[in-house]
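Please examine the model shown here. The paragraphs after it are intended to be read with the structure in view.

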Amino acid sequence: MKKYTVYILIAAALLAAIVLPRLLPKPFEKHVLILIMLYSILGSAWNILGGYTGQVSLGHAVFFGIGAYTSSIMLIKWGIVPWVGMLVGGVIATIVSIIIGLPTFKLRGFYFAIATIALGEMTRTLFLNWEWIGGAVGLELPIKRGDKLINLQFYLSKNNYYYVLLGIFLLTILAIYVIQKSKLGYYFRAVKDSHEAALASGIDTARTKLVAMGISAFITAIAGSVYAQYLLYIDPYVVFSSAISTRICLVAILGGEGRLFGPIIGSSILVILSEYSRAWLGGGGKGVDLIIYGTLIVLVAAFQPRGILGMVEMVKAKRQKAVVPNA
Amino acid sequence: MNPFQVLIQTIVNGLLLGSIIALVAIGIAIIRGVMDMVNFAQGEFLMLGMYASYWINVKWNLDPLVSAPITIALMFILGVIVYKVLIARVIEAPMLAQMLLTFGLSIVLVNVGLFLWGSQFKTIPNVLVKGTISIGGVMVSLNALVPALVSLLMAGAVYWFLMKTRMGRAFQATSMNKKAAALVGIDTQTVYALAFGLAAACAGLAGSVLSISYYIFPGVGSVFNLYAFVAVCLGGFGSIPGAFIGGLMIGVSDSLAGFYISAAFKYVVAFGIYLVTVIFKPKGLFGW
């Protein structure tokens, strides 16, 4: 692809992303759009650690929940605006990620994945039993009418939540793009490809992993804060659930792990599928929607293990091969 | 009871629970050892084993302990089918695809269970073994002791199979070096299919013996799944005795923490033990 074609495509996609919520008047459609954007951010954040650096985390809800709780607590107890709380939450999540990362990065592959599951479960239990932050009852956020951006609460138009998330998503993508091109990006890939080789060529692998996890945790926590502002109610089962951890990971893998635009593709498919099947078939607690959700995951994994973008690339490669002999 | 007897009682209860976890864990260890992948749907095989026992009991009035061979056979066949239809496609794929597939499978199985049998808790009435016996002042309920013995027996049988039989040696060879095993004439695809079937059968038996003393519901697998994983990691992936001992340890820690600290924190303690162990021994207690 020529360079200007790429620019035109990016501009078109951006325009579409901005116009899209105005074309969809129903609240449910807006809700779906907001979730798509939220999981695009979360998937991208997960990708930094899981996709680029190769450390599979199944406990990212820890950072998501820390973000949600920090901004909510600061708002409820001290009346601090969520934008500040969001950044503080991001910093706390980063610190927690370093505390988690220091001992667990010694673990490889499955041992690390299981450790993150264990940490996720432990964190939820601790928050469930921590009375000062509401325990199992959860937290209700104070309602502030008037749709001011500073309060990060919008009643007149849900679109604004979408635009806030879109902004965060674009910043995230930009950050990942810059990292990918930088020395740090090469370190990430080196650690993913071969831990030993990276170590042998003088890369401080432990530090590289910590940096990846820190950035990942920071972005995840920011998304958590926005989610809390959107729901206006949080409890440990909502924000620390293992289903969120799993879904974050799925979004990134479904789109194609370690690819810049993988998460937005993955989250579009996953969120649309799960939300609409839940709306149509989810009644009665029969789990039909989740059967469809699970089946889709199984099919993608079984027939296209490299994710949707991997599939696109394979088709392209085949076409190129077909073209060469003719030329 | 004096405090010492209480302690012993709690540990015994933990060992009984632990032996069920151990059986699920052995299945995970076999799959990990032979085909170098992790099956997140192992707990769901336990759930299916429980329902199989339940429905056999409803239809033909057979006790789960009597129908255990049928359950084992059914779960073995199911495991082989799952391998042939799904797992075989990702056996060479990256770890993430394998994880994704078994994750999806576990979601599907839980919800198929929910769809077919509803979310109500079921129990099996009139089980064969009931009551308690007292061993040196420690009360042991028979419907926990018998399952523990059965699962110990099964674990021993699996270990014997892997160590002493020709097929078991083929399993070992495949787990050591896939290519070399194929080179000396081992049909690795058959080994994989049998290993997956065996793992499913272990979980199925665990479900079968668990069904006489525990509630049967579609989500029952998740707790055991998580515990079994921690047990396998604790013991060291791929080590059968390690997985068994890991399972017992998790059972005891669950029981002790539930009694002496608080039921709410028993997961925290079990996972804490795991984290502390792997921080000092990153490949588990018996791993290499």
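This is a predicted model: local features need pLDDT of at least 70, side-chain atom pairs count only at pLDDT 80 or more; totals for chains, interfaces and linings use all residues.

Residues are numbered from 1 along each chain as its sequence is written, while chains are lettered from A and ligands numbered from 1 in the order in which they are written. The predictor assigns the complex an ipTM of 0.80 and a pTM of 0.85.

Chain A contains 14 helices and two strands. Here helices (H or I, at least four residues) and strands (E, at least two) are DSSP runs, numbered from the N terminus. The C-alpha trace of chain A spans about 65 × 50 × 40 Å along its principal axes. Its radius of gyration is 20 Å, which agrees with the value near 20 Å for a compact globule of 327 residues; the radius is taken over C-alpha atoms, and the globule rule is 2.2 Å times the number of residues to the power 0.38. Of the 327 residues of chain A, 49% count as buried. A residue is buried if 20 or more other C-beta atoms lie within 10 Å of its own, exposed if 12 or fewer, and partly exposed in between, with C-beta atoms placed from the backbone.

Chain B has eleven helices and two strands, which run α-α-α-α-β-β-α-α-α-α-α-α-α from the N terminus on. With 288 residues, chain B has a radius of gyration of 19 Å, in agreement with the value near 19 Å for a compact globule. In chain B, 54% of the 288 residues count as buried. Among contacts in chain B between residues at least 6 apart in sequence, 77% join residues at least 24 apart; two residues are in contact if their C-beta atoms, placed from the backbone, lie within 7 Å.

How is the contact between the chains built? It takes 37 residues from chain B and 35 residues from chain A. On the side of chain B that touches chain A, the elements giving two or more residues are α3 (64–90), α4 (95–117), α9 (220–235) and α11 (266–280) of chain B. Of these, α4(B) gives the most, with 14 residues. By class, this side of chain B has 32 nonpolar, four polar and one charged residues. Ala, Val, Leu, Ile, Met, Phe, Trp, Tyr, Cys and Pro count as nonpolar, Asp, Glu, Lys and Arg as charged, and the others, Gly among them, as polar.

Attention now turns to the strands of chain B. Strand β1(B) and strand β2 (residues 138–141) of chain B pair in the antiparallel sense over four bridges; two strands pair if DSSP finds at least two bridges between them. Ser134(B) has Met139(B) as its bridge partner in β2(B).

Most residues other than glycine have a negative phi. Leu232(A), however, has a positive phi of about 65° although it is not a glycine. Leu232(A) is partly exposed, with 14 other C-beta atoms within 10 Å. Asn61(B) likewise has a positive phi, of about 60°, and counts as exposed, with 10 C-beta neighbours inside 10 Å.
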